[in-house]
Amino acid sequence: CEEEIQSVCEGFSNEAAQSITSSLELSIQTRIFKIIVIGDSNVGKTCLTFRFTGGSFPDKTEATIGVDFREKAVEIEGETIKVQVWDTAGQERFRKSMVEHYYRNVHAVVFVYDVTKMASFRNLQTWIEECNGHRVSASVPRVLVGNKCDLVDQIQVPSNMALKFADSHNMLLFETSAKDPRESQNVDSIFMSLACRLKAQKSLLYRDVEREDGRVRLTQETETKSNCPC
Ligand SMILES: Nc1nc2c(ncn2[C@@H]2O[C@H](COP(=O)(O)OP(=O)(O)OP(=O)(O)O)[C@@H](O)[C@H]2O)c(=O)[nH]1
Ligand SMILES: [Mg+2]
């Protein structure tokens, strides 16, 4: 790594090189938490990940093809952590070749259903089976998200039914809306609660950083200072 840093700094003034070195060192030390977002097409996975990483609701979305990556640096108890969100495709034809990649070295899983579509709730069982089928360890935290709560007069999935399902699968339940700006903090807490739990499992993640991130990366994400919500 030191050699890589030196080669990056060649040709820069001392001051610039020093600043690059400290940025690179910080980047190398930063832990990355890989969180995948899974569920039927159209439930709002892209909008939820966009709300968390970009802070807004996208004007227009198209069906995700394969996977979209979004990252956000967050600060938890003085440590900067990079939350890497894998926004996966819900449509079978757009996900086939990618499924193995979704689950490889995953640190946490977010299952999403649409509170206005009972079928998307019923299909959760299939998504959970797919996840289990890819040998995702039971120690990998999972949460359940019921999205589109702003559509209050169209709700088909009662909260108590969702809660029972979440309990039986040892998951926390979040009912929220990617669209309603008043819910943005609730959307943040989906990912922040997972990041807090992962931070507590210290050992696994430095190893993953070394393995996946042998290359040096400089990023320009916004940093969110936040206290642990859990
Ligand atoms: N009312 C409402 N609409 C939403 C909300 N979240 C997403 N939508 C809408 O639902 C549609 C699908 O949203 P996406 O985020 O693209 O869905 P997706 O789960 O990523 O779909 P795939 O990429 O095909 O798997 C879009 O028209 C969004 O505008 C929400 O919280 N409330
Ligand atoms: Mg999508």
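## Residues around ligand 1

Ala, Val, Leu, Ile, Met, Phe, Trp, Tyr, Cys and Pro count here as nonpolar, Asp, Glu, Lys and Arg as charged, and the others, Gly among them, as polar. On that basis the shell around ligand 1 consists of seven nonpolar, nine polar and five charged residues. This is a predicted model, in which local features need pLDDT of at least 70 and side-chain atom pairs pLDDT 80 or more, while totals for chains, interfaces and linings use all residues. Residues are numbered from 1 along each chain as its sequence is written, chains are lettered from A and ligands numbered from 1 in the order in which they are written, and side-chain values use heavy atoms, without hydrogens and water.

There are 21 residues around ligand 1, and Ser-41, Lys-45, Thr-64, Gly-90 and Asp-150 come nearest (a residue is near if one of its heavy atoms lies within 4 Å). Helix α3 (residues 45-54) supplies the largest share of the shell, three residues; helices are DSSP runs of H or I with at least four residues, strands runs of E with at least two, numbered from the N terminus.

## Polar contacts of the ligand

A polar contact is a pair of N or O atoms within 3.5 Å. The side chain of Asp-150 has an N or O atom 2.7 Å from a nitrogen atom of ligand 1. For Asn-147, the side-chain N or O atom is 3.1 Å from a ligand nitrogen, and for Ser-177 it is 3.3 Å from a ligand oxygen.

## An aromatic pair

Rings of Phe, Tyr and Trp (its six-membered ring) pair if their centres lie within 6.5 Å; planes under 30 degrees apart count as stacked, over 60 as edge-to-face and the rest as tilted. The count is four aromatic pairs. Phe-69 and Trp-86 have ring centres 4.6 Å apart and planes at 85°, so the pair is edge-to-face.

Methods:
Polar contact = N/O pair within 3.5 Å; in protein donor to acceptor, adjacent residues only side chain to side chain.
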